[in-house]
Amino acid sequence: MLDTFSVPYQQVLDRITPHLPSYLRKIEPTPYGRVTFTFAPFTGCEKEPAKPDSYYDDPRLACVPESQDAAEHRIRTVARSVLDDLYEQARQQWKDVAYVADLRKVVRDAPDRWRAYEREAKALEAAYAYLRTPQAATEWPAAISRLVDAQDRTRAAAVAFDERARDIAHVHDQHLYADLSQDEALARAGYPEARDWHIGDGFGGYFRDGLVGKVDGLIQEQEQHLAKVGRLSGTTN
């Protein structure tokens, strides 16, 4: 916005009043030739603040060459600048709130699904660790069977979590340019524990690097290790 007024503030206010938004609570000039705005708290469910069509259709805001009418040129220039500043400030305040509001809509039961995954992942870790104990040698087929069951349950839990993570990742992508980080936005939405979640990437509307991929990689490592043990120990060809 322009730093100083070269026209009376009231003249500027008269020009911009028809285009002021309903969420504006106060507009005041400062001693430094600028204007301050106070907005009603945003919920994030409103449309993104933007200048109304009336702004573009108002003949009293249309450009007039300075050479044609210097005074009118100045009034209109300052009035447009004030409105531009108003809607930009409103958008800046709205965008983080909208990010948080959108996350609240999609997180749903993600915390429960993550806890279910963590339980299964710990059970899988224990089943795999058991194979290294002397006791496992006395019941090797049964121990391997329990490992396979644990792998299946862990993967199923990962699939369930990814159903929520996919929506969360897409919201992150939609608000890529928000001032809040992903962890900050989730914390404001009421989920500070989400910093430990494996969300994946929703860039461009495509979901990548989800929890299922991580679990599949772990299962592959376990199976490759067991195959090597069997080959080196002579229990398999």
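Mentor: The largest pocket has a volume of about 210 Å³. Keep in mind that this is a predicted model.

Trainee: Which helix supplies the largest share of the lining of the largest pocket?

Mentor: The lining includes W114, Y117, E118 and A121, along with K214, V215 and L218. Two helices, α4 (110-130) and α8 (211-233), each supply at least two lining residues. The largest share, seven residues, comes from α4.

Trainee: How many residues of that lining are nonpolar, polar and charged?

Mentor: Among the lining residues are W114, L124, T154, E125 and Q222. Tyr and Trp count as nonpolar in this division. The residues divide into six nonpolar, two polar and four charged.

Trainee: Which helices do the buried residues of α8 pack against?

Mentor: The buried residues of α8 are L211, V212, V215, I219, Q222, L226 and G230. Residues three or four places apart in an α-helix point the same way, because there are 3.6 residues a turn. The buried residues of α8 pack against α4 and α6 (140-174).

Trainee: Which residue just after α8 takes a positive phi?

Mentor: α8 covers residues 211-233. Just after α8, a positive phi of about 80 degrees is taken by G234.

Trainee: Is R76 buried or exposed?

Mentor: R76 is placed in helix α3 (residues 70-107). Leaving out residues up to four places away in sequence, R76 touches R15, P59, R60, L61, A62 and V64. Buried means under 20% relative accessible area. R76 has 13%, so R76 is buried.

Trainee: How does Q89 count by relative accessibility?

Mentor: Q89 also lies in helix α3. Residues up to four places away in sequence aside, Q89 touches F37 and F39. The relative accessibility of Q89 is 28%, so Q89 counts as partly exposed.

Trainee: How far apart in space are Q89 and V171?

Mentor: In sequence, Q89 and V171 are 82 residues apart. In space, taken C-alpha to C-alpha, Q89 and V171 are apart by 22 Å.

Key. Residues numbered from 1 in each chain as written. Predicted model: local features only at pLDDT ≥ 70, side-chain atom pairs only at ≥ 80, totals over all residues. Heavy atoms only, no water. 1 Å grid on protein atoms, 1.4 Å probe; cavity = no way out; pocket = protein on both sides within 12 Å on 5 of 7 lines; lining within 4 Å. Points joined across faces, edges and corners; volume = space filled by probe spheres on them. Helix = DSSP H or I, 4+ residues; strand = E, 2+ residues; numbered from the N terminus. Buried < 20%, exposed > 50% of the residue type's maximum accessible area, 1.4 Å probe, protein only. Contact = heavy atoms within 4.5 Å.
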